[in-house]
Amino acid sequence: MKNYILNLCILLSANALAAPVSLHSPDGRLRVDTDILNGQPIYSVSYDGNSFIENSPLGLKSDIGDFSSDMTLEGSETGVVSKSFDQDKIKKSHIDYNANRLVTTLKNKDGKTIGVEWLVSDNDIAFRYTLPRQGDTGAMVVNEEATGFRFPQETTVFLTPQSNAMVGWKRTKPSYEEFYIADAPLGTPSQFGHGFTFPALFRIGEKGWALLTETGVDGYYCASRLSDCNNGVYSIAYPMPEENNGNGTSAPGIALPGATPWRTITVADNLAPIAETTIPWNVVEPRYETKRPARPSRGTWSWIVWQDNSMNMKDQKTFIDLAADMGYDHILIDAGWDVNIGYGRMPELLGYAKSKGIRPALWYSSSGHWNDIMQSPTNKMDRPIARKKEMKWLHDNGVECIKVDFFGGDKQETMRLYEDILSDAADYGIDVIFHGCTLPRGWERMYPNHVGSEAVYASENLIFGQIFCDMEAFHATLHPFIRNSVAFMEYGGTFLNHRLSKDNNSGTTRRTGDAFQIATAVLYQNPVQNFALTPNNLTDAPAAAIEFMKDVPSTWDDTKLIDGYPGKYVVLARRHGNKWYIAGVNAMKEPLKLKLDLSALSLKSDTGYIIADEKKTPVKQKQIKIKNKSSVPVEILTDGGFVLVVE
């Protein structure tokens, strides 16, 4: 975060005429055109001369005026943005960002103005509305946006629906935990009739790909989503009134001058810029400083396999021992610790962890008046007085990380709760993981002590239903291109039990191979990894898998897509220090034979080791000699995977 440089050069060009204004990326391949058509602000996006987003609406409607129709273009400003920064919680540790900038000023029929700010870099677009003070008016409510995305008819979609509100476990939804549709026709209706959550991936026929999301959302705005396709357009939609039991407004209130969050569009003729994009972090800045850097870590947790009954002193010490045996530095002590162990005995457990060199994280409910959750501790995180008292207790007892669960909404009021928890925790040197939550929108950079968010059908669902085990490989091939591409993803996976229960002989059945499971430790990026290993795995799992899991990092210096197609297969490379970890999984019905082009990795060695699933044979570590770095042969079994490690 300290290596930050910002150079901004603005060239003013007054223009009172309604004429098209264009902006290109630095490499000239990506282009945005903006215009006014019959009073409606519009834009379009092309790449290498091919249309990726056709004329689509801009604008918003507020309590102080309509800025979506009867608009005129009053002027424009252009310039350049350049900055560099370091960030240890995302897919790359160092970012250089260079973009061309355009701000157009639009005036409505009442003489009031707004701006539309565009940043266009190679493969990435970010845009937002800038909202000036309107005379004596210093506040506004944004009731709805006209902002839309019109894709060409040949487009297919990779989307996950927004759920109904106040449904699911103890009425805690929406929580970004729904099934995806993949390669579905443009305009396919959402499952529940409420549109689709970010991020959203689109294949523009044979031309290429586009990924939509938003970033920079904080307590000054709500999170948004995409509506169902209406007359060919997906529009920005605000939270449903029913979310969070009807508490809080759906329409965000904003102080003037102000700005909306950034909406981003990543565009390319191949999938690598989609999987490798850093646009959610490029356009935001840290909101505060912390007493210490966040602590990435690897750890264990009993609850994922041993479930509620494991929340006792004996089992927690067993998993502390497991973390120590694995060389990890972290354990997650999940729901019910305050009742089953008790505040009075927690110093004993925390002291035991400390004696083993293990840092505990404690689970909390977000609590409040918007769901029916009984898992405790409750009523500790939703209000500032109770929250700060609990933060002091955590600090005094040496706890440096918490996991807060069950939020269930995207309203501005809920965004403020996320921000308040993070801010108060930062004051006490505590890192925060969110679960049962919204998609983090640039939060890895905005909030320095934020170290994880779920917002996905995560590992717990493999325990809850066989259908999730049956679809595990399918989902794993989606996340690097969609969910995990735009934000870290606290999944809590890597099972080496074949049956997902304490006795390893009952419960749901894992369909995927052991190499597949260790591959997800690389595919799924999150700086704090709570792996689903159990004590018996030290003796009943293949030694090669355990040794790999002892070594695998949780932070990365670089990320490169090697090959893949969402919903079918993926091969992704991540670098930590001088080691490349190349991981692949296959969701197709037939084994997949590939020749991997690793030339982009600039490998300095031609030797490494591979662990791959094989038919009826436990996984083993095998040395590999790379004869041709642009054509490395691998075979990935159905529901199987591999990891290849090269220095």
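C401 is in no disulfide, and its nearest cysteine sulfur, that of C437, is 13 Å away. Seen from the other end, the sulfur of C437 has C401 as its closest cysteine partner, but 13 Å is too far for a bond. C401 is buried at 7% relative accessibility, and C437 is buried too, at 1%. Here buried means under 20% relative accessible area, exposed means over 50%, and partly exposed is in between (1.4 Å probe, protein chains only).

A word on the model itself. It is a predicted one, so local features need pLDDT of at least 70 and side-chain atom pairs count only at pLDDT 80 or more, while totals for chains, interfaces and linings use all residues. Residues are numbered from 1 along each chain as its sequence is written, and side-chain values use heavy atoms, with hydrogens and water left out.

Next comes a sheet. Strands (E, at least two residues) and helices (H or I, at least four) are DSSP runs, numbered from the N terminus. Six of the strands make an open sheet in the order β30-β31-β32-β37-β34-β35, with antiparallel pairing; two strands pair if DSSP finds at least two bridges between them. The edges belong to β30 (558-565) and β35 (621-625), each with a single partner strand, so one side of each has no neighbour in the sheet. From one strand to the next, the twist averages 20°. Angles like this run from 0 to 180 degrees between N-to-C directions, and the axes are lines fitted to C-alpha atoms, for helices over the stretch in contact.

How many bridges join β34 to β35? There are 5 between β34 (residues 607-612) and β35, which run antiparallel. Y609, for instance, has Q623 in β35 as its bridge partner. Helix α16 (residues 543-551) packs on the sheet, touching β32, β34, β35 and β37, and its direction makes about 120° with that of β34. Helix α14 (residues 514-523) lies across β31 (569-576), β32 (579-586), β34 and β37 (641-646), running at about 125° to β32. Touching, or contact, means heavy atoms within 4.5 Å.

H435 sits in the loop between β27 (431-434) and α9 (443-446). Is H435 buried or exposed? At 4% relative accessibility, H435 counts as buried. Leaving aside residues up to four places away in sequence, H435 touches K403, V404, D405, F406, F407, E454, E460 and E490. With E460, the side chain of H435 makes a polar contact of 2.9 Å. That term covers a pair of N or O atoms within 3.5 Å; within protein, one must be able to donate a hydrogen and the other to accept it, and residues adjacent in sequence count only if both atoms are side-chain atoms.

The peptide bond from K173 to P174 is cis, with omega near 10°, and P174 belongs to the loop between β14 (155-159) and β15 (181-185). Another cis bond runs from L256 to P257, with omega near 0°; P257 is in the loop between β20 (253-255) and β21 (258-259).

D183 is not a glycine, yet has a positive phi of about 60°. D183 is part of strand β15 and is partly exposed, with a relative accessible area of 30%. N231, also not a glycine, has a positive phi of about 55°. N231 lies in the loop between β18 (225-226) and β19 (233-237) and counts as exposed at 68% relative accessibility.

Technical notes:
Disulfide = S-S within 2.5 Å.
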